[in-house]
Structure formats: C-alpha cells, structure tokens
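Hello,

Here is the structure I promised to pass on to you. Have a look at it first, and then read my notes below.

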Amino acid sequence: MNSQKLPDMFQTLIAEDNVVFRQSLREVLARRFPDMAIDEAADGEQAIHQGMARRHNLVFMDINMPGKNGLEVTRAIKDGDHEAVVCLVTNYDIQEYRDAADACGADHFIVKDEFTESLIVGLVQSVFDR
C-alpha cells in the first residue's frame, strides 16, 4: 500500500482502552500517513488531557473507556474545537449509541467490525480534503 502525503502538522488522537486495537490503528495510520503526528490515550481522562493540550484534526474515540466515557470526551473536545473531526468507535451497532454520538457532536460513528484500512484511509483523506 502506498503512503500518502498530508499537510504539515496533521494531528490525530487515538483514544482507545484496548491496547491491541489502538496499536493496530496506529500502525495503519503511521504506515499510510508517515507525516501524521499521532497521540494516544488509554482512558477518558488522558483523552481529555490530550484533546485540550493540542488541536487534533482527527480523533478516533472509543465510546466505552475507563473514567470519562467517549461521549463525554467527545463533547468536551467539540466544545473546545468545533473543527476537530471525531469518529466514535464501538463494538455495538445499536441505535441508542448512534443517537448519543449525534447528540454529543460526533462526526462519524464506526462499528469496530467494519473498521478496515480503506475506511481509515478514506476518513483521513476526507478530513484532509476539507
């Protein structure tokens, strides 16, 4: 797969308590977008800290995390930076989660079973093209 060039200072945050999923996503992003700066958070508190410390173009946010959940963190990040694109990620494709994601300002809702490299690349490219 080819790597793709992003603008300087393209910042991404991966907020996910599952280490394997978080590392896999990071590896895909780093391989396909070597110029991307990638921050990580393993729980809601770290995600808020990372989200407030730096402006992120793109945030992959797990809904269920220790501490503050991904919905609370998404709301906080979007309140501080309306331009950040937040993709809520979950194992459960249920309407209640989709409605909650909408209510907190998430831009995308992704079920982990549907998470593919082409989907990830497409999301990054759509944020870049904005």
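**The aromatic rings**

F21 is buried, and F115 is buried as well. Please keep in mind as you read that this is a predicted model.

F21 belongs to helix α1 (residues 19-32), while F115 sits in the loop between β5 and α5. The pair therefore links distant parts of the chain, 94 residues apart.

Which way do the rings of F60 and F115 face each other? Their centres are 5.9 Å apart and their planes stand at 75°, so this pair is edge-to-face. Because F60 lies in strand β3 and F115 in the loop between β5 and α5, the contact ties together parts that are 55 residues apart in sequence. F60 and F115 are both buried.

Taken together, F21, F60 and F115 make up one aromatic cluster. Across the whole structure, a search finds 3 aromatic pairs. There is also a charge to look at here: the charged end of K112 sits over the ring of F21, 4.8 Å from the ring's centre.

**The sheet**

Now for the strands. How many of them form the sheet, and in what order? There are 5, arranged as β2-β1-β3-β4-β5 in an open sheet with parallel pairing. At the edges are β2 (37-41) and β5 (108-111), each of which pairs on one side only. From one strand to the next, the twist averages 20°.

Helix α4 (residues 95-103) lies across β4 (85-90) and β5, and it runs at about 150° to β5. Helix α5 (residues 117-129) lies across β3 (58-62), β4 and β5, running at about 135° to β3.

Happy exploring, and do write back with any questions.

Best wishes

Definitions and conventions:
Residues numbered from 1 in each chain as written. Predicted model: local features only at pLDDT ≥ 70, side-chain atom pairs only at ≥ 80, totals over all residues. Heavy atoms only, no water. Pairing = 2+ DSSP bridges. Helix = DSSP H or I, 4+ residues; strand = E, 2+ residues; numbered from the N terminus. Axes fitted to C-alpha atoms, helices over the stretch in contact; angles between N-to-C directions. Contact = heavy atoms within 4.5 Å. Phe/Tyr/Trp six-rings, centres within 6.5 Å; stacked < 30°, edge-to-face > 60°. Buried < 20%, exposed > 50% of the residue type's maximum accessible area, 1.4 Å probe, protein only. Lys NZ or Arg CZ within 6 Å of the ring centre and 35° of its normal.
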